[in-house]
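Reader: I would like to learn how to read a sheet and its surroundings. Could you walk me through one?

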Amino acid sequence: FFDITDNNLNTIVEIDGKKNNIALLTNKDEIYNILTNNIKKTNEKFLTKSIEDKIRNIINSVEFKDKSMKNIRLKILKFSNFMKYGENNTINFDNFNDFYAIFAKNSTGKSSIYDCIIYSIFGKGTRGSQYDLINKDSNCMETEIILYVNDIEYKITRKITRLNKNSVKTDVISVYENNHNITNDLRKTLK
């Protein structure tokens, strides 16, 4: 028996009385059965042998390099002097209803929000160097992002200072996993 309900962007699937998050499933037969049974519930005539074969081929072509897919959810983004933005900006993603859209006129900083998220996580923006990410009216930029990866909370903080016309100094990078500082553990792993 299959029952699919949506629960805060996590699709919960009940299989024989056991609830699972579909994003964490890696058994290709379970995924196939979930998809085909739910198509049958919606429109049984649509699910021909040809469609079943195509679904099976697509699922079989997926390679699970990890035991599960990553379920990532943003919680809070804080930033000061990032690109166009000044000091003390906060976006609390918990205030939104599982859907995020930014509407504004051109050149008002919509893409900068995306760049701030990317920079906060990976330490690089999508355009220019770190130097270009610092607001032109400041010499220091800070970001903090809190996000969940498979229900584990991570907080990443970054701070950089402009040294001269073309260079920056990375002052602080900290990473916390469930409020435990793992920065040094990551540095050892990356060496």
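Reader: In the hairpin of β6 and β7, which residue takes a positive phi?

Author: Gladly! That residue is N150, with a phi near 50°, in a hairpin that has two residues between the strands. Before going further, note that this is a predicted model, where local features need pLDDT of at least 70, side-chain atom pairs count only at pLDDT 80 or more, and totals for chains, interfaces and linings use all residues. Residues are numbered from 1 along each chain as its sequence is written, and side-chain values use heavy atoms, leaving out hydrogens and water.

Reader: What is the strand order of the open sheet?

Author: In general, strands of a sheet pair through backbone hydrogen bonds, either parallel or antiparallel. Here six strands run in the order β5-β4-β6-β7-β8-β9, with antiparallel pairing. The edges are β5 (89-92) and β9 (180-181), each pairing on one side only. Strands are DSSP runs of E with at least two residues, helices are runs of H or I with at least four, and both are numbered from the N terminus; two strands pair if DSSP finds at least two bridges between them.

Reader: Which strands does helix α3 lie across?

Author: Helix α3 (residues 110-122) lies across β4, β5, β6 and β7 (152-162), at about 80° to β6. Such angles run from 0 to 180 degrees between N-to-C directions, using axes fitted to C-alpha atoms, for helices over the stretch in contact (heavy atoms within 4.5 Å).

Reader: Is T143 buried or exposed?

Author: The cut-offs are under 20% relative accessible area for buried, over 50% for exposed and partly exposed in between, using a 1.4 Å probe and protein chains only. T143, in strand β6, is buried at 4%. Leaving aside neighbours within four places in sequence, its contacts include C116, Y119, S120 and I156. By contrast, I58 in helix α2 (residues 49-61) is exposed at 56%.
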